[in-house]
Amino acid sequence: VECGAFTPDGRHLVLGGNLNGVKIFDLTHGSLVRHIQDVQAEVDGLAVSPDGRFLAHAAPHACQVLRVPDWTAIQRVNHGSQGVVNSMEFTPDGSLMVSGGNFGHVLLTRTADWEQLGDGLVPKTSSIKSVRFSPDTRFIAAGYGGADCVAVWRAKDMALVKHLPLFYIEAVAWTSDGRYLMAGGRDERGRLRVFRAADWQLVGEPEVQADRSNIEYIDTFGELVAIAGEDAHVRLFRVASSGTTKKDKL
């Protein structure tokens, strides 16, 4: 399993992984209700829109979109001819979707008619591992593998706002208040990078992985940040008022 998401009503769990498509489970009965087998590629990313209307999952050269709750395929958002899509996310109202992958383009799509509204590029592009809207949907952040960077665009016109040279990035995420952008990946130090969105300055480098291992996933809920990676643990942190993080004592 490489990725997963709950539907907003808590009834279903959607899982994607290596060469076995996408599986949708009914959590009431613990039963498999749908197995999408025709993906024919690794599924490294999927997302359910917060309004519960759409499920998007990675596919070769495209982001495949299904209608919830009948799980009918309704759209393919094409991503050129290079590899697979790795990451996607919807705005809270489900009106916009952002997606990125091996094609190296960050595509912004309107879900009302599936029209492409923007295409974000950096000068030296590579496979995109993670894309995320800021909580107020003003910005889109993307983390790059081979290009060793994080980029931030203004969502309304996809103008590049900031380019942050780093290392091989696996995950980006915003704190729930939108004040900070977090990034992690293959730095061989096990440290999270925390940038202040007001001026994009680095304000924290907390160690969040044991044995200098690499970060794979970052997610947020309220003031909490969940981080997982190559040390085979899931750790929960609380965002401190200073913007850095401290390990949650719970």
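**Close-up views of a predicted model**

**View 1. Pairing of β9 with β10.** Strand β9 pairs with strand β10 (residues 96-101) in the antiparallel sense over five bridges, where pairing requires that DSSP finds at least two bridges between two strands, and strands are DSSP runs (E, at least two residues) numbered from the N terminus. Within this pair, F90 has M97 of β10 as its bridge partner. The model is predicted, so that local features need pLDDT of at least 70 and side-chain atom pairs count only at pLDDT 80 or more, whereas totals for chains, interfaces and linings use all residues. Residues are numbered from 1 along each chain as its sequence is written, and side-chain values use heavy atoms, with hydrogens and water left out.

**View 2. The open sheet β9-β10-β11-β12.** Four strands form this open sheet in the order β9-β10-β11-β12, with antiparallel pairing. Because β9 (85-90) and β12 (115-120) stand at the edges with a single partner strand each, one side of each is left without a neighbour in the sheet.

**View 3. The largest nonpolar core.** This core has 28 residues, and those with the most contacts inside it are V14, V22, L55, A56, C63, M88 and M97; a nonpolar core is a set of buried Ala, Val, Leu, Ile, Met, Phe, Trp, Tyr and Cys residues joined through side-chain atoms within 4.5 Å, buried meaning under 20% relative accessible area (1.4 Å probe, protein chains only). The largest share of this core, five residues, comes from β6.

**View 4. Surroundings of V14.** Leaving aside neighbours within four places in sequence, V14 is in contact (heavy atoms within 4.5 Å) with residues including C3, V22, I24, L46 and L55.

Technical notes
Buried means under 20% relative accessible area, exposed over 50%, partly exposed in between (1.4 Å probe, protein chains only).
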